[in-house]
Structures are given as C-alpha cells and as structure tokens.
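Here are my notes on this one, as numbered points. Keep the model open beside you while you read.

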Amino acid sequence: IEDVARIIKSEGVKNIIVMAGAGISTASGIPDFRSPGTGLYDNLQKYKVPYPTAVFDLDYFHSNPKPFFELAKELYPSGKYRPNAVHYFVRCLHERGLLLRMYTQNIDGLERLAGIPPMKLVEAHGTFTSASCTKCGKKYNGETIKDKILKGATPRCQLTPLCYGIIKPDIVFFGEDLPKRFYYYLKDFPACDLLLVMGTSLQVRCYSLYFTAARITQCDFILSYFVEPFASLVDSTRATTPRLLLNMVKVGPFTKPSRRTDLSITGDISDSIHKLADALDWREFLQETMEAHE
Ligand code: OAD
C-alpha cells in the first residue's frame, strides 16, 4: 500500500486508469456475479433460467424476456443503493486531476451517483440510463421505461402500432457488441501510467460478433482470443506501467505476475481503499467527499 501511495504521489503519474467490476459494489449491498454462494449466478433459482448466464443472453431474451425484467426490477438504479468509499476514492482521483478514465463493467450506476463525470467513464457493459427497441432500434430514455419495469411489466415500443417490439435497457448482453466508447481504450491505455484493477474476477464474457461467429463455427481459437475484451484490457498498458489489483483474491495475470511492476492487495476492497487513502493522507479528503455527496 505504501508503494502504491508513493506511485500515486509521484510527479510522473497523471493518467490513472481504473478497471472495475462488481466487487466494488458489494459494500453497497449489491451482490457480485461469481462469488460462490453469495454471487448472483448462484442465486437465480427463482428466475427459473436454464443456465445462470441466460438472464443476460440475447438469444434467450428473445425467447423469454421475463427473467431479465424480473431481475432488472432489482438491479435498476433506483436510489436504493448508494456508492461506497471505493466509488468515492475514484472520485477523489478525479478531483485531484489524476483520473484518465474509469472502465467499469458495473450496471448499477453507482459511479455516476458518486459524481464521476460521464466523460471520465466507460460503462463497458452498458447502462440503464438509456434503452432501445429490440425490433426497430428506437432509442428511449431509461427513465421512460423505469416505471414499467419496476411494476413488473415488459416495456414495449410505441413508435408505430406496427412495431410493439420489446424495449431493452442498453445493458450489454452476451451476443452483443460492446459500446463504442469501449474503444477509447486504444488511446487511453498507451497513455496510462498506473492501472488500478478493482473488484473483478477478470473472467468477463462480453461476447461480441466474433464470439457469435466462433460459437457457430465452434472455433476455439477465435473463442479464446476474442471473448474476453474487458479482461484483456489489463494487457493493453505499456509493459512498464505499474498495475495494481485490489480484490478479495488474486485473479487474471496477477495470479502469476509476469511483470515486475505488478502488485496485488488482497482482502476486502473497502479496507484496502481506506488504508490506501491513509497512506496518501487522503483520509479527510475521502471522508469530506463522501459526506458532501451523501
Ligand atoms: P465477478 O462476480 O465475476 O467478480 C467479482 C470479484 O470481486 C471476485 O473476484 C470477488 O472475489 C471480488 N470481490 C467481491 N466482493 C469483494 C470485496 N468486498 N472486496 C474485494 N473483492 C471483492 O464480477 P465481475 O468481474 O464484475 O456481465 O463480472 C464481470 C461481468 O460478468 C459482469 O459485468 C456481468 C457478468 O456476466 C454482464 O452483466 C453483461
């Protein structure tokens, strides 16, 4: 933690990239996906899906959208969940002019609620703030369909009486491409001078067109190469850029660090973030940022 604080304080560090996953929101009361027992994928029995990831599978959604909308009722950012110290720590990085971009896989909207400006965010797995008709593509504001979803109804396109397609929040499903903003990484990662990887298993399956092609052709090479665009971002920095993992357990390349500048701090991320804030002399800054916003 001292080492990382020293890096953050050093003159040369101006472009920090944060890559985040569901583990940063567990302290806000939202379960992650894959933690055995508590993760969402172990607790989907009531939705009666044939396999856990079916709730976010585009093919399955077209045959039965109900499980997704039932789950969306719980996941919809509705003010029930609040950002925690980890989100505010990233906000502090931004306030200090150190945050180049935050790439998040989360769809809980807590980064925005913590006041991280949308231009600093890449919501790689989409967001509930907008939605689209799955038939005609008409764009809707997420707020327009929120009431329907919270009441347990399936939102339908009103464009013409002929459409009546299902409106889906712009969450990236398996089988869909990532948002265009994801490709900011081509410019951002070479400029990054510290990468913070937080609360993610780095096992992301954000399947793209390539994946669909690979699934059809059963081509394992294409599969292994293309199905983990988010996880593979960690390797898009320069080889000398320090990378820090803050996660319950070591994951991805941090299990067998191949770079001398790789660091891991395992354990509860809220604890680690408070320790890091202390090492940076940011305890009050973090506290004030949280209090001002909450
Ligand atoms: P996962 O559930 O796969 O991983 C969460 C990671 O956070 C795990 O390694 C946990 O050990 C860790 N973790 C949980 N609580 C923690 C805590 N309090 N402190 C420290 N670490 C903690 O979640 P993601 O990596 O975000 O896709 O999953 C990626 C994607 O898979 C999701 O965006 C979702 C899913 O399919 C879509 O929704 C499209």
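1. Start with the second largest pocket, which holds about 470 Å³ of space. A pocket here is an open set of points on a 1 Å grid over the protein atoms alone, with protein on both sides within 12 Å along at least five of seven lines, and lining residues have an atom within 4 Å of a point. The volume is the space filled by probe spheres set on the points, which are joined across faces, edges and corners. Its lining has 23 residues, and K139, D170, I171, V172 and P179 lie nearest the centre.

2. Which strand gives the most to this lining? It's β4, with five residues. At least two residues each come from α2 (58-63), β3 (121-123), β4 (126-133) and β6 (167-171). Helices (H or I, at least four residues) and strands (E, at least two) are DSSP runs, numbered from the N terminus. By class, the lining of the second largest pocket has nine nonpolar, six polar and eight charged residues. Ala, Val, Leu, Ile, Met, Phe, Trp, Tyr, Cys and Pro count as nonpolar, Asp, Glu, Lys and Arg as charged, and the others, Gly among them, as polar.

3. The domain bounds come from an automatic or database domain assignment.

4. A word on what you're looking at: this is a predicted model, where local features need pLDDT of at least 70, side-chain atom pairs count only at pLDDT 80 or more, and totals for chains, interfaces and linings use all residues. Residues are numbered from 1 along each chain as its sequence is written, and side-chain values use heavy atoms, with hydrogens and water left out.

5. The chain averages a pLDDT (the predictor's confidence in each residue, from 0 to 100) of 89, and 91% of the residues score at least 70. Take care over residues 205-212, where the pLDDT is below 50, though the model gives this stretch 21 contacts (heavy atoms within 4.5 Å) beyond near neighbours in sequence. Residues 218-227 also have a pLDDT below 50, with eleven such contacts.

6. Now the largest pocket, with about 700 Å³ of space. Of its 33 lining residues, A22, D32, F33, R34 and S201 lie nearest the centre. The lining divides into 15 nonpolar, 14 polar and four charged residues.

7. The whole structure also has two cavities of 30 Å³ or more. A cavity is a set of grid points where a 1.4 Å probe fits but cannot get out. The largest cavity has a volume of about 150 Å³, and among its lining residues are A22, I30, F33, L75 and D108. Domains 1 and 2 both give residues to that lining, so the largest cavity lies between them.

8. Most residues other than glycine have a negative phi. Y164 has a phi near 60 degrees, a positive value, and L202 has one near 50 degrees, also positive.
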